Structures are given as C-alpha cells and as structure tokens.
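Please find below a short note on the chain under review. The sequence and the coordinates come first, then the comments.

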Amino acid sequence: MEKMEEKYEKLKEIVYKELSYAAHDLDHVMRVYHYCLYFAEEEKEADPKVLIPAALLHDIARKQEDEDPTGKIDHAVLGAELAEKILRDLHFEPLLIEKIKKCIRAHRFRSGYSPDTIEAKILFDADKLDVIGAVGIARSYMLAGQHGERMYSDIPIAEYMKENVGENGRIKDVTKHTMNLEYELKLKMIPQRLFTERAKKIAEKRIDYMENFFDTLRNEIAGKN
Ligand SMILES: [Fe+2]
Ligand SMILES: [Fe+2]
C-alpha cells in the first residue's frame, strides 16, 4: 500500500491543477489546510487521514458552482461526489472516503448538512475563518469588484433585508450588495457558530478588527477624519 504522504502529494497535485484557474481559490485552500492542522493539534481525537484529504478537496467543485448558469450546483454537495472518485482512484479505504465526504458536504453554511464529526467541525471552522479578518476583507473586495458591487452602503440593515434579501438568505440583486452589509448580515455572527476553541479565539480577534475597519471606512466616507 502506498504511504499516506505520497497520497497527500498526489491530492495536492490534483487540487493545484483543478483550482489554478483562480489563484485566490488555491491560496484559500492552502490557508484552510494549515489552519486545520493547527486546530487538530488541540483536538487530539481528530484523524488526520480524514482531515487532510477533506481540507485539500473541500472546494474541488468551486469552479463548477461558479460557472453554473442555473445556480443549482452546490459545490459542497458536488465536491463530496468528485472527492469520492478522486479518493477511490488513489485507493483510499471506503470508510475513510465516507468520513471525508461528510466533512466536505458539511463545510458550507447553506448546504443543509451540519458538521457532526470533529474533523467536519475543524474544517468548517478553518473555512469560515477565511471570510473574516483582514483576509476576509481582502477576499471579499476582490469578489465585490467582479460582481460590480459598491464599496459601502449606508442603508439601514432592516430596510436592506426587506428589499434585497430573500427567504433562505439569498441576495436578490448582487449589485446592491456591499461588504459592510454582508458583515452586518452574516460575518459578525461567525464566532458564535464555530466549534473549536482555537478557532473561536481567532475569530473574535478578527471580528474586532473588522468592526474597527468598517467604523474607519464609514468615517472616512462621511468626511470625519
Ligand atoms: Fe467552500
Ligand atoms: Fe473553502
């Protein structure tokens, strides 16, 4: 049987090839991977044979979701299926494959699966950390530019929700969305939704930073310097 390390190298090659079309996605996957290892140091019962492949493959269907004109593809659900094929080809044990698929399926808020194993919880936490803090702000503005969003909106959040947020939290018109609204709607609640102690601690620090950032942004835009 091949050594696990060799299999991980092969997995990395596959992920690099699949995600290299968008460098930020690949960078994101590697940040998530490193945070997973960091959280696992404290969560001793986590199995690296599940966690490492899950971290590397968790966004493997990102491209398919982004390019799907129907908006029906969920990259967490499809990603679990694609991962199964990749892992079978690399001769991973069936039981491991099932556990890895579970993590991938549950890594996203909206997919309707919740993380119920320690490996799934760690992956969820590591992935969510990447949408907050300075990294979260930078990533979001990169995407906001692509979507034609404005930099800031001062619409009261209750009014905005009535106008542009559908049931199930879907944004109706993305061009009316802004990063500060996303922060109010979702991002600032992230620390409460995380599972592991290490991730929660980092998340709280990142939210403080974002609070500060949006205060400064608001003041600068209002001419209060
Ligand atoms: Fe994802
Ligand atoms: Fe991700």
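1. The structure is a predicted model. The protein chain holds 12 helices and 0 strands. Read from the N terminus, the order of elements is α-α-α-α-α-α-α-α-α-α-α-α. With a radius of gyration of 18 Å, close to the 17 Å that the globule rule gives for 225 residues, the protein chain is therefore as compact as a globular protein of that length.

2. Along the principal axes, the C-alpha atoms of the protein chain occupy a box of roughly 65 × 40 × 30 Å. Buried residues make up 34% of the 225 in the protein chain. Among contacts with a separation of 6 or more, 64% join residues 24 or more positions apart.

3. The largest nonpolar core has 49 residues, and Cys36, Leu51, Ala55, Leu123 and Ala126 touch the most other members. At least two residues of this core come from each of helix 1 (4-19), helix 2 (23-42), helix 3 (48-57), helix 5 (75-89), helix 6 (94-105), helix 7 (118-129), helix 10 (179-185) and helix 12 (197-221). Both domain 1 (1-114) and domain 2 (131-225) contribute residues to this core, so the core lies between them. In soluble globular proteins, nonpolar side chains tend to be buried together.

4. Which residues is Leu123 in contact with, leaving aside its neighbours within four places in sequence? They are Cys36, Leu51, Ala54, Ala55, His58, Cys103 and His107. Of these contacts of Leu123, Cys36, Leu51 and Ala55 are also among the core residues that touch the most other members.

Methods: Residues are numbered from 1 along each chain as its sequence is written. Chains are lettered from A and ligands numbered from 1 in the order in which they are written. This is a predicted model: local features need pLDDT of at least 70, side-chain atom pairs count only at pLDDT 80 or more; totals for chains, interfaces and linings use all residues. Helices (H or I, at least four residues) and strands (E, at least two) are DSSP runs, numbered from the N terminus. The radius of gyration is taken over C-alpha atoms; the globule rule is 2.2 Å times the number of residues to the power 0.38. A residue is buried if 20 or more other C-beta atoms lie within 10 Å of its own, exposed if 12 or fewer, and partly exposed in between; C-beta atoms are placed from the backbone. Two residues are in contact if their C-beta atoms, placed from the backbone, lie within 7 Å. A nonpolar core is a set of buried Ala, Val, Leu, Ile, Met, Phe, Trp, Tyr and Cys residues joined through C-beta atoms within 7 Å. Domain bounds come from an automatic or database domain assignment.
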